[in-house]
Amino acid sequence: MNETQIEQTIRGYIPQIIHMSLATVSDNKPWVCEVHFSYDNDLNIYFVSSAQTRHAQEIAKNPYVAGNIVTQHHKDQKVRCVDFEGTAEILDGTEAEATAYQAYIERFGESQGLLNEIKKDGDTRFFKITVKDFFLFDSYGDTRGKHHLPWHDKEKI
């Protein structure tokens, strides 16, 4: 599979999935959680979370994250999974409204209440993951296996 095919497969797959597993680490102890996510055309990933959650506190100390976007598979079913590595950051209100909130609306529909909650209490925040590398595990077609898509240096479409 070439990089264009990997990217096309990723772009075709992730709209079907609404949550992802997010991994963080602190003091050499890994943590994984599930979050709903949205994304933009550059495949930056956004999610909303309380600043009090373990993953948010770990991101504040160590921005390096990993995760996967995958649907549940049944026994003997072909598998497809998008894994990623990158860095996460808490967005300030202005940037969140301009980027993450717009991606969230496109994906899940208008939620003025969510935006108001974020603006009001400062605890619920938008996070942005800038992906460095994608990995597509795919058991469909002739190119079965894990395929790497470097992303941080890639010219964004």
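Biologist: Where is the kink in α3 centred?
Modeller: The kink in α3 is centred on Ala100 and comes to about 35°. The bend at a residue is the angle between axes fitted to the seven residues ending there and the seven starting there. Helices here are DSSP runs of H or I with at least four residues, strands are runs of E with at least two, and both are numbered from the N terminus.

Biologist: What kind of model is this?
Modeller: It is a predicted model, in which local features need pLDDT of at least 70, side-chain atom pairs count only at pLDDT 80 or more, and totals for chains, interfaces and linings use all residues. Residues are numbered from 1 along each chain as its sequence is written, and side-chain values use heavy atoms, with hydrogens and water left out.

Biologist: Back to α3: what does the helix span between its end C-alpha atoms?
Modeller: Helix α3 (residues 93–108) spans only 19 Å, whereas a straight helix of 16 residues would span 22 Å at 1.5 Å a residue. The expected span is 1.5 Å times one less than the number of residues.

Biologist: Which residues in α3 are buried?
Modeller: Ala96, Ala100, Tyr101 and Ala103 are buried. Buried means under 20% relative accessible area, exposed means over 50%, and partly exposed lies in between (1.4 Å probe, protein chains only).

Biologist: And what follows α3?
Modeller: Gly109 follows α3, and its phi is positive, near 95°.

Biologist: New topic. How many helices and strands does the protein chain have?
Modeller: The protein chain has 4 helices and 8 strands. From the N terminus on, the order is α-β-β-β-β-α-β-β-α-α-β-β.

Biologist: How many bridges join β5 to β6?
Modeller: Strand β5 (residues 64–69) and strand β6 (residues 80–90) run antiparallel and are joined by 6 bridges. Strands count as paired if DSSP finds at least two bridges between them.

Biologist: What about β6 and β7?
Modeller: β6 and strand β7 (residues 124–138) also pair in the antiparallel sense, over 11 bridges. Ile90 stands opposite Phe127 in β7.

Biologist: Now the loops. Is Asn28 buried or exposed?
Modeller: Asn28 counts as exposed, at 76% relative accessibility. Asn28 lies in the loop between β1 (19–26) and β2 (29–36), and its phi is near 60°, a positive value in a residue other than glycine.

Biologist: And Leu43, buried or exposed?
Modeller: Leu43 is buried, with a relative accessible area of 2%. Leu43 sits in the loop between β3 (38–39) and β4 (45–50). Although Leu43 is not a glycine, it has a positive phi of about 60°.
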